[in-house]
Amino acid sequence: MSSHPLVLPQRIDSQSGVQPKSRAAASARLERVRRDFLLFAQPAVGQEEIDEVADTIRSGWITTGLRTHQFEAAFKDRVDAPAALAVTSCTAGLHLALLISGVQPGDEVITSPLAFYGCANAIEHLGAVPRFADVAADTLTLDPSSVEAAVTPRTRAVLAGHYAGHPAELDSLRDIAERRHLSLVEDAADAMPASYKGRLIGSGENVAAFSFHSTKNLTTGEGGMLTGSPECIARARLLALQGTNRDAWQRSGPLGSWLYQVHEAGFKYRMTDIPAALGLAQLRQLDEFQRRRRLIAALYTEAFRQIDALETPTERPEVEHAWHLYVLRLRLGALRIGRSRFIEELRARNIGSSVHFIPIHLQPYYQTRYAHRPDQFPVALGNYQRMISLPLHPRMSDEDASDVVEAVVDVVSRFSR
Ligand SMILES: Cc1ncc(COP(=O)(O)O)c(C=O)c1O
């Protein structure tokens, strides 16, 4: 057990406390509330996806087959990847990525506490230990100097996320990985598409895992893609297919062979043709989706950047942000309310929002198992306490975006000190 007091996320959030009844009362006093609730994220799927999926179902082949292979090829071209493998989720992809990077039971993997909990879970599944390092104050991606300080003789890999779609400091992280003989794995769940110093995320030799969960910039409902060197992807392909060397299409298709061999005790992690069909349709529209995301993000930043109580997200000059999330940070000293109450106020105005993320080291499993102190990663903790992810998705109209701006500005003006 930890000798430090356990501070669970609920307690950190105890400043909130707006109950549904008082929320209704708050909204009754508001001058203008949009009619319907605006979700903070929504998939942009339409007729093109419906047609592609329907064609796949009509084809009579719905498990891993031609569509999955086509989606892999199209994705590989789009991000200029050396090789690509479609999988059931980014979490499954990260599990494979760490495994093929040589992570063994008892090894340590350095990662960010301000990340999706699945990243830490994937490390645990290998019997390895997630060792958290703090994040950079501007981008909230892994801080290379904290990574360097966290390296021990047991460290085997660094798992770096592109937080909210902003690429991590890949040059510095690669340099540490090379000097300390570590593998670098990218959690590219939010980075489709993003680039670092003119190179697309996914185009490198090291393994990167993308997510196609329903809220991501490109969705297949659930799903993911691994990119990396042909050797790494070949090993991942084998492991994702229960260790066998031929998928169902390669066995039963017109050019197939019934013969198969099991080379490893692998996993059932392969994507199938229905999600792949969705992905193919989404990929064709991705540039359009990104234009819309970028426009809404620019509109928010223009509206909020002069307001003392608000800190708008960073986009460093050397990157192209994927704008998966628009993470607004409150300057709490300028406000009479905390982040949770701010979220309740937005909800009372029919504006949905979220928080990315509750730091993993505060989660009961990780806090108890590794005796983490809440303030052990002060940048992650301090930013978590003041962050809000605003609605951002390509289906949002100009009016939706204006409603968000109006609601945020109204909450700030009512609760400024
Ligand atoms: C930053 C990040 N990494 C990894 C994942 C895991 O992705 P998946 O749900 O496809 O396993 C998510 C999921 O939302 C995420 O937000």
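This note goes through selected residues of a predicted model.

1. Basis. The structure is a predicted model, in which local features need pLDDT of at least 70 and side-chain atom pairs count only at pLDDT 80 or more, while totals for chains, interfaces and linings use all residues. Residues are numbered from 1 along each chain as its sequence is written, and side-chain values use heavy atoms, with hydrogens and water left out.

2. Aspartate 187. This residue belongs to strand E5 (residues 183-187); strands (E, at least two residues) and helices (H or I, at least four) are DSSP runs numbered from the N terminus. Aspartate 187 is buried and has no salt bridge. Buried means under 20% relative accessible area, exposed over 50%, and partly exposed in between, with a 1.4 Å probe and protein chains only. A salt bridge is a side-chain nitrogen of Lys or Arg within 4 Å of a carboxyl oxygen of Asp or Glu. The nearest side chain of opposite charge is that of lysine 216, 7.3 Å away; Lys and Arg count as positive, Asp and Glu as negative, and His and the chain ends are not counted.

3. Surroundings of aspartate 187. The side chain of aspartate 187 reaches the backbone nitrogen of alanine 189 at 3.1 Å. Beyond its neighbours within four places in sequence, aspartate 187 is in contact (heavy atoms within 4.5 Å) with residues including Cys90, Cys119, His162 and Ala209.

4. Cysteines. How many disulfides does a search of the whole structure find? The search gives zero, a disulfide being a pair of cysteine sulfur atoms within 2.5 Å. For cysteine 119, the nearest cysteine sulfur is that of cysteine 90, 6.6 Å away. Cysteine 119 counts as buried because its relative accessibility is 3%. Cysteine 232 is also in no disulfide, and the nearest cysteine sulfur, again from cysteine 90, is 16 Å away. With a relative accessible area of 24%, cysteine 232 is partly exposed.

5. Aromatic pairs. The count comes to 14 aromatic pairs. Rings of Phe, Tyr and Trp (its six-membered ring) pair if their centres lie within 6.5 Å; planes under 30 degrees apart count as stacked, over 60 as edge-to-face and the rest as tilted. Phenylalanine 116 and tyrosine 117 form a tilted pair, 4.3 Å centre to centre with 35 degrees between the planes. Phenylalanine 116 is partly exposed at 33%, and tyrosine 117 is partly exposed at 46%.

6. Phenylalanine 267 and tyrosine 269 are stacked, at 5.1 Å centre to centre and 10 degrees between the planes. Phenylalanine 267 is partly exposed at 25% relative accessible area, whereas tyrosine 269 is buried at 18%. Elsewhere, ring pairs link Phe71, Phe75, Phe210 and Phe212 into a cluster.

7. Glutamine 104. Where is glutamine 104 placed? Glutamine 104 sits in the loop between helix H5 (90-100) and strand E2 (108-111), and is partly exposed, with a relative accessible area of 43%. Its C-alpha atom is 6.9 Å from that of glycine 127, 23 residues apart along the chain. Not counting residues up to four places away in sequence, glutamine 104 touches Leu126, Ala128 and Arg156.

8. Alanine 41. The loop between helix H2 (20-28) and helix H3 (47-59) holds alanine 41, which counts as buried at 17% relative accessibility. Alanine 41 and proline 394 are 353 residues apart in sequence, yet their C-alpha atoms are 9.2 Å apart in space. Setting aside residues up to four places away in sequence, alanine 41 touches Thr215 and His393.

Methods
A polar contact is a pair of N or O atoms within 3.5 Å; within protein, one must be able to donate a hydrogen and the other to accept it, and residues adjacent in sequence count only if both atoms are side-chain atoms.
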